[in-house]
Amino acid sequence: MKNLDYIAAKSGNEILNKLNAIDAKELEKLINDTLLVLHGEGVYASILYLYARDKKKDQTADKIVKELLSTAGKALQIDLGNLDKEIQSPEDALNLVNEKICNNTDFLFLVKDLWERTLIYARYGAKARVKE
């Protein structure tokens with residue numbers, strides 16, 4: 001059995017490292033908004049939300065989406081392929097989420113919980129950066 005809390009903590013920290021160039025307050029808001037969508041609307045909607053944001057922030061969305069998907073793949077031990085090659089557009093990411101995660105109810109609930117933990121850790125990490 002995988003330790004999901006460990007995977008979530010590592011992934012939350014990885015999100016912060018990949019988005020180090022972004023203002024910490026802006027990152028905290030983005031993560032919080034994504035977390036609210038995930039909690040209220042679900043896994044698919046959270047990915048859709050990230051890609052529906054302002055076009056100039058697509059790189060940010062892409063990095064978060066790839067890290068969240070990577071986390072799900074590690075936790076569920078499913079092969080999502082090479083995410084850098086698999087995901088060339090928002091449609092690719094949404095199709096991957098739909099086929100590999102939303103298609104299985106057990107995976108769906110597990111991923112939702114895992115992503116919530118991941119985003120909570122990332123949010124608190126961003127909040128700690130604001131205080132520095």
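**Close-ups of helix packing and aromatic rings**

**View 1. Counting aromatic pairs.** The count here comes to zero aromatic pairs. To pair, rings of Phe, Tyr and Trp (its six-membered ring) need their centres within 6.5 Å; planes under 30 degrees apart would be stacked, over 60 edge-to-face and the rest tilted. Keep in mind that this is a predicted model, where local features need pLDDT of at least 70, side-chain atom pairs count only at pLDDT 80 or more, and totals for chains, interfaces and linings use all residues. Residues are numbered from 1 along each chain as its sequence is written, and side-chain values use heavy atoms, with hydrogens and water left out.

**View 2. Arg123 sits over a ring.** The ring belongs to Tyr124, and the charged end of Arg123 is 5.1 Å from its centre. "Over" has a rule: NZ of Lys or CZ of Arg must be within 6 Å of the ring centre and within 35 degrees of the ring normal.

**View 3. Helix H2 meets helix H3.** H2 covers residues 24–41, and its axis comes within 7 Å of the H3 axis, crossing at roughly 150 degrees. (Helices are DSSP runs of H or I, at least four residues, numbered from the N terminus; axes are lines fitted to C-alpha atoms over the stretch in contact, with angles from 0 to 180 degrees between N-to-C directions.) So H2 and H3 are roughly antiparallel, the word for angles over 145 degrees; under 35 is roughly parallel, 65 to 115 roughly perpendicular and the rest oblique. Leu30, Asp33, Thr34, Val37, Leu38 and Glu41 of H2 touch Val43, Ala45, Ser46, Tyr49 and Leu50 of H3, where contact means heavy atoms within 4.5 Å. Sorted by class, that's seven nonpolar, two polar and two charged residues. (Ala, Val, Leu, Ile, Met, Phe, Trp, Tyr, Cys and Pro count as nonpolar, Asp, Glu, Lys and Arg as charged, and the others, Gly among them, as polar.)

**View 4. Helix H3 also packs on helix H6.** H3 (residues 43–52) and H6 (residues 90–102) have axes 10 Å apart, at an angle of about 170 degrees. That makes this pair roughly antiparallel. On the H3 side, the contact includes Ile47 and Tyr51; on the H6 side, Leu94 and Val97 are among the residues. The contact has eleven nonpolar residues, one polar and no charged ones.

**View 5. Helix H1 crosses helix H7.** H1 (residues 4–18) and H7 (residues 105–131) pack at about 45 degrees, their axes 8 Å apart. These two are therefore oblique. Residues meeting here include Ile7 and Ile15 from H1, and Leu114 and Tyr121 from H7. This contact divides into twelve nonpolar, five polar and three charged residues.
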